[in-house]
Each structure stands twice: as C-alpha cells, then as structure tokens.
Amino acid sequence: MQSIISVESVSKVYDSGFRALNDVSLGIHKGEIFALLGPNGAGKTTLISVICGLVNASSGRVFADGYDIVRDYRKARQKIGLVPQELAVNIFETVWNTVRFSRGLFGKAKNDAYLEQLLRDLSLWDKKDTKILALSGGMKRRVLIAKALAYEPSILFLDEPTAGVDVELRRDMWAMIRRLREKGVTVILTTHYIEEAEDMADRVGVIQKGQLILVEEKQALMDKLGKKQLTLQLVEPLPSVPTALSDYALELSDDGVKLTYQYDHQSDQAAIATLLRKLSQLGIDYRDLNTAQSSLEDIFVSLVEEAR
C-alpha cells in the first residue's frame, strides 16, 4: 500500500543528551486514520513535530507525499495540516481573518466559499467575526482545526485534539474526521482517550521511550494480543479447582462461586464447549455465564508495561 508519510531511521537527541526519538521508521498509508499511542514523554509530540518540520531530527529522513521535509520544506509543509495541543493563534484576531490568513500563508488561492463551509462544519460560522480571545476553550479548539484545514492539506495531524473539550465537540470532531477520510485525507492522531483510537483508527502505533515498539492493523492487533474471558457463576461453591480441569488454568474466586477462564482469540473455540461438558460430567452446575473481551486500552497498557 502507498505510504504518504515515510519516516526513515529518525532519531532526535537534544543538547542535554536526552534521546527523545531512537531510530524510528514508519510508513503511514494514504487515506488511513493512524493512531499513535504512548505514555506521557514517550516521544509522540516530538515525532509529530519532526514530521511537520517544527523540530529538526538529529539523523534520518522524512518524506511527506514524496517531498523531503528538509530539502523540499515548502512543498512538504503545504501537504500537512497540524492541530497542536496548545493554542497557536493570534487571540486578538477574528475567526474569519485567522482562517483566511492561514489559507493565504500556504499559497492557496482565495476561496471564501470553502472557508465558509469549513466554519459551518465546525459550528463556527456564527462566530466568524468574533475575536478568538472571546471564545470558549472548545471553540478555540475548533478554530485550530479550521486553521489547519483552511489550505486543504492532504495530511492532517491531530495532537491530543479532544483533550479538555466537551462531549459534543468530541462527537462532532470525529464525525468530521470520518468525512475527511472519505475525501482521501490521511489523519494521524495522538490521544489519551484510547477508546477513540479503538473506534476510529485503521492502524495503531505504540511508542515508548522514543522507540516505536509496535505498528499493527487495529483489528489484527486485537485478534493477536487481545484476550477473552469466560466467567461462570456456580450454583454451589467449590473448595478448589478439580484436578480434572487443571488443563484449563481456571481461576477460582475466594468465595468459590466464580470460575474464570481466559483465552486468546486464536484459541480453538471448541475448547470452551469441551470445558462446559466436563463441568457437567463433574456435576458442577452454573447459574450464569458471560464473556468479556479485552479492549485496545488493555492491550496498550500491557505493551507499555512489557517495554519498561
């Protein structure tokens, strides 16, 4: 599949000696939503800043839609929209002037109709003549998005886009991102709300201590590393797990009335049916049965702990 972002052996070492990125290589596919996950200080923002040309890499190369971000900086930067964590606009300017200036800054021809529709999509049209200083935090976040999209980039970076915003804005934002993907825009996001990545992302990358420890299709990752759990509520308590069931690595609750069996997605589903038959043969009755599946958050936490 074609990569619209290519990161080749990128490292970043600051003057203090701190290594923020360590030999990171990554290809991001055209038209996908890619979620970059990692704990605080893992290198997410540094990597985004290097790709966007805001921070110089110590070594390695990055290409945006075929353009070297150093040698062809101007062309590469025109391809990239960035919504940073922090407010990065003139707070004394109006919303309308902010987006018009952003479009002109990147050499795009005047297109007020496009900007009007953009502000309408972000519920900002009625605030177009309002100075950013007077906007709420959620509205300011919308302005950052409008500013990044004003020049119609083919690549959009969202660095913690929903941090500190209300539920309504989060819902509107993800609806807009889905529409952007339908139009062919590639979206790269970092988020602390891992359920958002689970819902939105096509692929997931996990970074820890400046190293990319995993890149995987989201569903393949959950199939490979996810766990399922079968819980049985017993009619009568058991003093211990019967020896005849030792092959299943069952866990018995302290009160003896709950049996738990964990299995991965690749396990033979017939094993569960066999377990239930053995319980019946042993005269162990249960009044309730339920299953649960690990989330992307569970997988992320386990990956990060393993990489420490």
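View 1. Strand β9 (residues 203–208) pairs with strand β10 (residues 211–217) in the antiparallel sense, over six bridges, where two strands count as paired if DSSP finds at least two bridges between them. R203 has E217 of β10 as its bridge partner. The two strands form a hairpin with two residues between them, and K209 in the turn has a positive phi of about 55°. Helices (H or I, at least four residues) and strands (E, at least two) are DSSP runs numbered from the N terminus. This is a predicted model, in which local features need pLDDT of at least 70, side-chain atom pairs count only at pLDDT 80 or more, and totals for chains, interfaces and linings use all residues. Residues are numbered from 1 along each chain as its sequence is written, and side-chain values use heavy atoms, with hydrogens and water left out.

**View 2. The open sheet β2-β1-β4-β5.** Four strands form this open sheet in the order β2-β1-β4-β5, with antiparallel pairing. β2 (19–29) and β5 (67–68) stand at the edges with a single partner strand each, so one side of each is left without a neighbour in the sheet. Within the sheet, strand β1 (residues 3–13) and strand β4 (residues 59–64) run antiparallel and are joined by five bridges; the bridge partner of E8 in β4 is R61.

**View 3. Helix α5 and its cover.** Ten of the 13 residues of α5 are buried, and the helix is mostly covered; here buried means under 20% relative accessible area, exposed over 50%, and partly exposed in between (1.4 Å probe, protein chains only). The buried residues of α5 are G138, M139, R141, R142, V143, L144, I145, A146, A148 and L149. Their cover includes β6 (80–83), α3 (95–105), α4 (112–121), β7 (155–159) and α6 (167–182), where contact means heavy atoms within 4.5 Å. At 1.5 Å a residue the 13 residues of α5 should span 18 Å, and the end C-alpha atoms are 19 Å apart, which agrees; the expected span is 1.5 Å times one less than the number of residues in the helix.

View 4. In α6, the residues L169, R170, M173, W174, M176, I177 and L180 are buried. They cover an arc of only 160° around the axis, which puts them on the same side of α6; the arc is that of the directions from the helix axis to the C-beta atoms. The face turned away from this buried side carries the exposed residues V167, R171 and E182. What covers the buried residues of α6 includes β3 (33–37), α5, β7, β8 (186–190) and α7 (194–200). For the 16 residues of α6, 1.5 Å a residue should give a span of 22 Å, and the end C-alpha atoms are 23 Å apart, which agrees. After α6 comes G184, whose phi is positive, near 100°.

**View 5. The largest nonpolar core.** A nonpolar core is a set of buried Ala, Val, Leu, Ile, Met, Phe, Trp, Tyr and Cys residues joined through side-chain atoms within 4.5 Å. The largest such core has 41 residues, of which L156 and I177 touch the most other members. Helix α5 (residues 137–149) gives the largest share of this core, seven residues. Not counting residues up to four places away in sequence, I177 touches I33, L158, V187 and M200. A second, separate core of 26 residues includes V50, A76, I80 and L82.

**View 6. P153 in the loop between α5 and β7.** P153 lies in the loop between α5 and β7 and is buried, with a relative accessible area of 5%. Not counting residues up to four places away in sequence, P153 touches Q78, K79, I80, G81, A148 and V185. P153 and V185 are 32 residues apart along the chain, and their C-alpha atoms are separated by 7.6 Å.

**View 7. T45 in helix α1.** T45 lies in helix α1 (residues 44–51) and counts as partly exposed, at 34% relative accessibility. Not counting residues up to four places away in sequence, T45 touches Q85 and D159. T45 and Q85 are 40 residues apart in sequence and 9.0 Å apart in space, C-alpha to C-alpha.
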